[in-house]
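Welcome to this structure. Please take a moment to look it over before reading on.

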Amino acid sequence: MHSPVKKPALINVGQFFERHGAKLKLELLACEDGLSRPIREGSVNRPALALTGFFKFFSNKCIQVLGAAEMTYLRSFDCEKQYQILRELVKRAVPCIVLSRNYVLNPALRRVAEENHLPVLRTSMITKHFINMATVALEYEFAPMTVEHGTLMDIQGVGTLLQGKSGVGKSECALALIERNHSLVADDLTYVSLINERELVGRSSELNRGYMECRGIGIIDVASMFGIRSVRLEKRIDLVVKFVEWEPGMEEDRTGLEQNHYEILGLKVPFSEIPVRPGRDLCRLVEVASMVESLKRMGHNPAEEFNERLIAHMARQASVREKPDRTR
Amino acid sequence: MESSESTSSAPETKREKTLVVQNKMGIHARPAAMIVRAANKFQSEIFFEKDQELVNGKSIMGLMMLAAGSGSKLKAVAEGDDSEDLLRELEELFERKFDEP
């Protein structure tokens, strides 16, 4: 039932530069030939301690950022000593070095870089901002990924993944939802990443973004028919709705008191099964299911609240019945 | 159903049973769902009567609106070929206190 979890492919410095360079205001200063070095850990390290010669717990797999502290420390030595210090650092197979705050590539670093084919990048950002943005970018790159069979919609802010056998009416339902001003994220195949181990983000493949397949009509371009509002690049998945063909005697959820879950990448997502019968307006049902989920997130549980009212009412009735007994 | 005669001649598939609500909280959402689920397995029609209120036993809202607290008596009326099995199953469910205290 579940697609296998794809381990995030390792990215190399070149890919990182290509995908995030503009956003992170990066420029390549030295050693283009080292761009194929892999980044083996999805975070950023400031090697201040390592520069002093302390290499225990040195995160050599991460991008190394030299900021004000590191550069000022290096500057307190002559060129030869700087070279020795940096050589020790680079010996440990770091993927690349990033200079923040537009620091100048000094001769010692240039020499080490060239000798080791180590790319040196530079950003105009201050170190703190660069680290924050680069960490977020790397978190996405290194997030566990999987592919879910289903159509992802953004229904008034509730990311709803529609599942069900092919032909059960997912696409028709998605179309009806789009007509009601909700947006399509991915049709039929949803690529899901687990971000920060607490959030599932779904998107379509870049190739079919904004397109969907409709039985009997063919491929349609959603954005050009319904406007740009009708498509969305990505959305957190808050709810999974599965359409199942109705059969006599099947168990349907009648109260909504029990919350079922569907697991994606180890995270539990609220899950409802909607039996499909001729004449049922699936779109309306999905819309309502999303709104109920939205209410629950805000702390309202309609099924529980109703049930509590009922139980309280029965308890009151019972106490009224008992009172005359006692006076008798 | 169509002629008045057939109802007056009391078809033998119509059965009645009085059931007592024995769990502490009465028929709230969960027991109501259990009753409906059990009733839906059968073809027979089922109605519950309490204090001159009559509701369909396959309607969860109807059952809850009876507000049948602990100790209340419900008259279950089933009609259909499998009405006997239906009532037996319901009786067992009420006896089990809907798996509640």
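A crossing is called left-handed if the near helix is turned anticlockwise from the far one by less than a right angle, and right-handed if clockwise. By that rule, α1(A) passes α6(A) in a right-handed crossing. This is a predicted model, in which local features need pLDDT of at least 70 and side-chain atom pairs count only at pLDDT 80 or more. Residues are numbered from 1 along each chain as its sequence is written.

The axes (lines fitted to C-alpha atoms, for helices over the stretch in contact, with angles from 0 to 180 degrees between N-to-C directions) of helix α1 (residues 13–20) and helix α6 (residues 127–142) of chain A come within 12 Å and cross at roughly 115°. The two helices α1(A) and α6(A) are therefore roughly perpendicular (65 to 115 degrees) to each other. Phe16(A), Arg19(A) and His20(A) of α1(A) meet Ala134(A), Ala137(A), Leu138(A) and Glu141(A) of α6(A), where contact means heavy atoms within 4.5 Å.

Now to the strands. Helices (H or I, at least four residues) and strands (E, at least two) are DSSP runs, numbered from the N terminus, and two strands pair if DSSP finds at least two bridges between them. An open sheet of 5 strands in chain A has the order β2-β7-β6-β5-β4, with mixed pairing. Its edges are β2(A) and β4(A), each with a single partner strand, so one side of each lacks a neighbour in the sheet. Helix α1(A) packs on this sheet, touching β2, β5 and β7 of chain A.

| Strands | Bridges | Direction | A bridge pair |
|---|---|---|---|
| β18(A) and β19(A) | 5 bridges | antiparallel | Ile264(A) and Leu267(A) |

β18(A) and β19(A) form a hairpin with 2 residues between them, and Leu265(A) in the turn has a positive phi of about 50°.

Methods. Chains lettered and ligands numbered in written order. Heavy atoms only, no water. Parallel < 35°, antiparallel > 145°, perpendicular 65-115°, else oblique.
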